[in-house]
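Keep the viewer open and follow along.

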Amino acid sequence: MSKLLEPIFKKEELHYCSVPVPDINAHKGADFNFTIEQINGYGQGQTHPSIVYVEGGWNGHEYWMAATPYANAIAVFENPCIYYGDADENGNPPRVFHPINGTANGEYTMVNNPVVKVTSNKDINSDPDLLFDETTRTMYLISRWNTEPYEKVPTYVQKSVDGQSWTPRPTTPILDGDTTFGSAQPSLVKVGDEYRIYASSGGYQYRDDSVQGQGYNAMGITAGSSLDAPFTFKKYCYFGGKRNIDPYHSDVFIDPKTGKFYAIYCASNYNLEAEIQTPRRVYLAESEDGENFHVFARPLLSDYGTGMAYYRPTACVRNSDRTLIVYWSTVAGISKDPADYPNGESDVPVDNRAIGLSYGNFDAILSVLKQDVVRI
């Protein structure tokens with residue numbers, strides 16, 4: 001494997017997680033029937049994780065995750081679910097997550113997974129992302145909705161004060177689904193008093209100093225001072241350094257020590273030979289201001305020659321010991337036999353879409369990434 005492809009996290013540093021899906025009928029928010037194909041295809045499979053680490057804990061737990069069931073790529077079941085977990089006896093990030101089972105309390109009426117229901121067997125609710133607001137001690141969830149004919153995909157906000165019960169999805173979206181400015185694969189971040197959503201867009205994109213162009217995988221920023229009103233477009237992000245590794249299904253997080261912004265995302269690397277471009281790898285980009293990012297050439301996760309592809313990764317930094325914690329999901333290449341998993345079995349059998357975990361010292365990882373700057 002060339003240095004350009006050699007990942008930071010080795011095969012032995014992949015850990016698969018237990019993130020159980022809800023009962024099939026829990027997805028329903030109305031009286032209708034799933035199709036025979038949907039019923040027969042429903043199983044244990046998860047995708048698109050979003051992780052939040054709260055130092056000292058929040059409502060009894062330090063780790064909170066949103067994810068969507070996606071067994072056999074059946075879109076009607078891709079509905080946001082909420083889970084919580086805690087470090088193991090050795091202080092390692094959790095591999096076992098537990099589903100919420102709260103009780104209704106006033107406006108907080110969505111109390112079991114998924115916290116977004118479907119009203120027909122053609123609905124799709126996808127791309128969840130969590131934000132913990134330290135100021136209000138409130139957890140926020142954003143997710144998207146579409147249904148046939150799939151013209152626009154608006155993004156909505158829900159909230160929780162205890163993690164176990166959530167407000168219903170509101171009628172007014174925070175983003176209306178205009179892909180020109182960014183609505184795909186949203187990531188919610190708070191910067192001072194401003195809330196931002198970073199999302200893929202079809203708008204004008206800068207890739208590096210020498211290449212400018214139009215690309216679906218541009219990243220736009222929409223922003224607002226409140227999560228109770230629609231956001232407005234702010235600007236497109238600049239991605240320099242390693243070009244043609246454009247952000248796709250990204251998560252943006254802030255290092256609590258340095259205040260720097262990081263985008264972690266899956267991508268196809270179009271600098272490589274055609275036969276090895278397609279499998280999605282996971283890359284990291286760094287920014288001082290949250291608007292101008294430098295892309296590191298070396299991936300955090302690669303396919304290890306198996307054809308395995310990574311989907312939406314998510315990350316946070318545990319500042320007490322400077323641990324970079326990365327949860328990721330897979331598209332293909334995961335065995336259905338848990339005995340084949342590196343580092344032991346998952347507690348829940350999975351199909352080929354699974355959520356995994358990799359972690360290491362963030363400062364050491366950045367040091368290696370910055371040594372391997374390759375410009376093409």
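Asp363 counts as partly exposed, because its relative accessibility is 34%. Keep in mind that you're looking at a predicted model. The side chain of Asp363 meets that of Arg322 in a salt bridge, at 3.0 Å from N to O. Asp363 sits in helix α2, while Arg322 is in the loop between β21 and β22, so this pair links distant parts of the chain, 41 residues apart. Arg322 itself is buried, with a relative accessible area of 9%, and the cut-off for that label is under 20%.

Which residues does Phe362 touch, once its neighbours within four places in sequence are left aside? The list is Phe253, Asp255, Tyr262, Leu284, Val317, Arg322, Thr323 and Leu324. Notice that Arg322, the salt-bridge partner of Asp363, turns up among the contacts of Phe362 too.

As background, nonpolar side chains tend to be buried together in soluble globular proteins.

Back to charges for a moment. Side chains of opposite charge can pair when their charged atoms come close. How many salt bridges does the model hold? The count comes to 15. Some of the residues involved form a network: Lys260, Glu286, Glu288 and Lys370 are linked by salt bridges.

Asp129 forms a salt bridge with Arg312, and their closest N and O atoms are 2.6 Å apart. Asp129 lies in strand β6 and Arg312 in the loop between β20 and β21, so the pair ties together parts that are 183 residues apart in sequence. Both ends are tucked away: Asp129 is buried, with a relative accessible area of 1%, and Arg312 counts as buried at 0%.

The other pair is Arg298 with Glu6, where the closest N and O atoms are 3.6 Å apart. Arg298 is in the loop between β19 (292-295) and β20 (309-310), and Glu6 is in the segment before β1 (15-16); the two are 292 residues apart. Arg298 counts as buried at 9% relative accessibility, whereas Glu6 counts as partly exposed at 30%.

Now for cysteines. A disulfide is a covalent bond between the sulfur atoms of two cysteines. The structure holds 0 of them. Take Cys17 and Cys81: Cys17 counts as buried at 4% relative accessibility, and Cys81 is buried with a relative accessible area of 0%.

Next, look at strand β9 (residues 184-191). Is β9 enclosed or open? 6 of its 8 residues are buried, so β9 is largely enclosed by the rest of the structure. β9 runs antiparallel to strand β10 (residues 194-201), and 6 bridges join them. The two strands form a hairpin with 2 residues between them, and Val191 stands opposite Glu194 in β10. In the turn, Gly192 has a positive phi of about 65°.

That brings us to backbone geometry. Most residues other than glycine have a negative phi, and most peptide bonds are trans. Where does this model depart from that? His48 has a phi near 50°, a positive value in a residue other than glycine. His48 lies in strand β2 (residues 46-58) and counts as buried, because its relative accessibility is 0%. Arg137 has a positive phi of about 55° although it is not a glycine. Arg137 lies in the loop between β6 and β7 (138-146) and is partly exposed, with a relative accessible area of 37%.

Last stop: the peptide bond from Asn113 to Pro114 is cis, with omega near -10°. You'll find Pro114 in the loop between β5 (98-99) and β6 (124-133).

Definitions and conventions
Residues are numbered from 1 along each chain as its sequence is written. This is a predicted model: local features need pLDDT of at least 70, side-chain atom pairs count only at pLDDT 80 or more; totals for chains, interfaces and linings use all residues. Side-chain values use heavy atoms; hydrogens and water are left out. Contact means heavy atoms within 4.5 Å. Buried means under 20% relative accessible area, exposed over 50%, partly exposed in between (1.4 Å probe, protein chains only). Helices (H or I, at least four residues) and strands (E, at least two) are DSSP runs, numbered from the N terminus. Two strands pair if DSSP finds at least two bridges between them. A salt bridge is a side-chain nitrogen of Lys or Arg within 4 Å of a carboxyl oxygen of Asp or Glu. A disulfide is a pair of cysteine sulfur atoms within 2.5 Å.
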